[in-house]
Amino acid sequence: MADPDRSSGDAIARLRLIRTAQVGPVTYAQLIARFGSADAAIAALPQLAARGGGKPPAVAPVALAERELATVRRLGARHLFLGQPDYPALLAELDDAPPALIVRGDTGLVARTPVAMVGARNASAAACRFARQLAAELGREQVVVVSGLARGVDTAAHVGSIATGTIAVIAGGIDVVYPPENAALQEQIATEGLLIAEQPPGTEPRARHFPYRNRIIAGLALGTVVVEAAPRSGSLITARLAGEFGREVMAVPGSPLDPRAQGCNGLIRDGATLIQSAADVLETIRPIDGRMVESPNSAFRAPPPEDASDADRRAIIGLLGPVPVAIDELIRQSGASPAIVQTVLLELELAGRLERHAGGRVALL
């Protein structure tokens with residue numbers, strides 16, 4: 001595969017594929033794995049969609065991709081494409097790793113020891129102070145703190161670790177500040193740390209963007225520390241994702257009388273590691289052997305593609321419905337190989353007939 005940094009044509013093709021409706025992160029990775037390049041994948045879309053029983057998606061125009069590349073350069077940022085050597089290795093392990101990140105700052109920070117720290121936006125003063133101190137102590141131990149630049153605990157974590165290394169993942173475009181009061185901090189992180197966005201420049205953060213941001217926070221780190229969180233908060237989503245990714249989940253206990261502590265106490269009850277100091281965090285993450293981390297290109301290693309027969313398609317489509325079902329269950333019940341099941345799902349998604357859900361589940365539209 002060509003290095004997009006060395007080939008603007010390849011970067012444009014990748015962006016066209018990424019910005020095409022019906023091509024999500026999982027589909028993108030499968031297309032690149034199967035066809036070897038974004039240009040070849042784009043050329044194959046009509047045939048794949050036809051096999052799925054629908055019209056091919058409208059591929060994003062060249063002008064749109066060129067405009068995005070120019071805007072990103074003008075902002076002093078750059079794209080990191082999945083499969084590049086400097087794409088974060090831990091993040092590349094995810095099935096739904098972002099096909100492209102837009103970054104400003106020191107990308108070398110992702111190669112150090114990253115730990116995510118998240119918590120309530122309306123955090124107590126005590127929680128913010130603890131998060132700031134914990135981040136500073138972890139920084140002195142060469143740990144890079146990853147958070148989401150939100151109000152409350154996130155802001156405290158970044159402030160505590162800005163001097164030693166911090167990574168902020170934002171929900172909007174790289175040039176959009178949210179919340180507004182963090183404008184100076186966001187610029188400082190872009191200058192002294194690392195600022196990461198998945199959405200194109202100019203994108204205002206919407207509610208649907210934050211779960212995508214949360215998966216990046218959890219995916220970048222060896223583990224996630226939740227400092228304070230109410231039940232059903234975004235911080236608990238990040239913790240759940242960390243557990244699904246096989247990363248450590250850690251939580252700071254709080255008073256049962258404070259609703260903002262219920263999320264953390266619940267995590268501990270369910271098996272999260274109780275955290276009271278930086279030493280507890282280090283003890284939890286340090287046994288992880290760095291040699292176990294896959295290479296950035298690992299997400300592109302896939303089983304050889306197999307063409308599905310009409311009988312395979314009928315059998316797999318017959319098992320699908322409006323209720324999301326696990327792909328593993330489709331493989332078991334259909335008796336088809338994983339490669340054939342993935343091929344049929346890819347065709348259906350490109351035809352606009354399939355929706356992917358969290359946890360590797362799929363449903364017919």
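Val169, Ile170, Ala171, Glu198, Gln199, His209, Tyr212, Arg213 and Ile216 line the second largest cavity. A cavity here is a set of points, on a 1 Å grid over the protein atoms alone, where a 1.4 Å probe fits but cannot get out, and lining residues have an atom within 4 Å of a point. Two elements give two or more residues to this lining, β5 (166–170) and α9 (209–220). The largest share, 4 residues, comes from α9. Helices (H or I, at least four residues) and strands (E, at least two) are DSSP runs, numbered from the N terminus.

A word on the ground rules. This is a predicted model, where local features need pLDDT of at least 70 and side-chain atom pairs count only at pLDDT 80 or more, while totals for chains, interfaces and linings use all residues. Residues are numbered from 1 along each chain as its sequence is written, and side-chain values use heavy atoms, with hydrogens and water left out.

**Cavities**

The count comes to 2 cavities of 30 Å³ or more. For the volumes, grid points are joined across faces, edges and corners, and the space is what probe spheres set on the points fill. In the residue classes, Ala, Val, Leu, Ile, Met, Phe, Trp, Tyr, Cys and Pro are nonpolar, Asp, Glu, Lys and Arg are charged, and the others, Gly among them, are polar.

| Cavity | Volume | Lining by class |
|---|---|---|
| Largest cavity | about 100 Å³ | 9 nonpolar, 3 polar, 3 charged residues |
| Second largest cavity | about 40 Å³ | 5 nonpolar, 2 polar, 2 charged residues |

About 100 Å³ of space lies in the largest cavity. Of the 15 residues lining the largest cavity, Gly148, Tyr178, Pro179, Phe210 and Arg213 are the closest to its centre. Tyr178 and Pro179 are also joined by a cis peptide bond, with omega near -5 degrees. Pro179 sits in the loop between β5 and α8 (183–192).

You'll find Gln22 in the loop between α1 (8–18) and α2 (25–35).

**Sheets**

Strands of a sheet pair through backbone hydrogen bonds, either parallel or antiparallel. Pairing of two strands takes at least two DSSP bridges between them. Contact means heavy atoms within 4.5 Å, while axes are lines fitted to C-alpha atoms, for helices over the stretch in contact, with angles from 0 to 180 degrees between N-to-C directions.

Another open sheet has 3 strands in the order β10-β12-β11, with antiparallel pairing. Here β10 (325–326) and β11 (354–357) stand at the edges, each with a single partner strand, so one side of each lacks a neighbour in the sheet. β11 and β12 (residues 361–364) pair in the antiparallel sense over 4 bridges; Arg356 has Val362 of β12 as its bridge partner.

**A helix pair**

The axes of α14 (residues 327–334) and α15 (residues 338–350) come within 10 Å and cross at roughly 120 degrees. Ile327, Leu330, Ile331 and Ser334 of α14 meet Pro338, Val341, Gln342 and Leu345 of α15 in the contact. By class, these contact residues divide into 6 nonpolar, 2 polar and no charged.

Definitions and conventions
1 Å grid on protein atoms, 1.4 Å probe; cavity = no way out; pocket = protein on both sides within 12 Å on 5 of 7 lines; lining within 4 Å.
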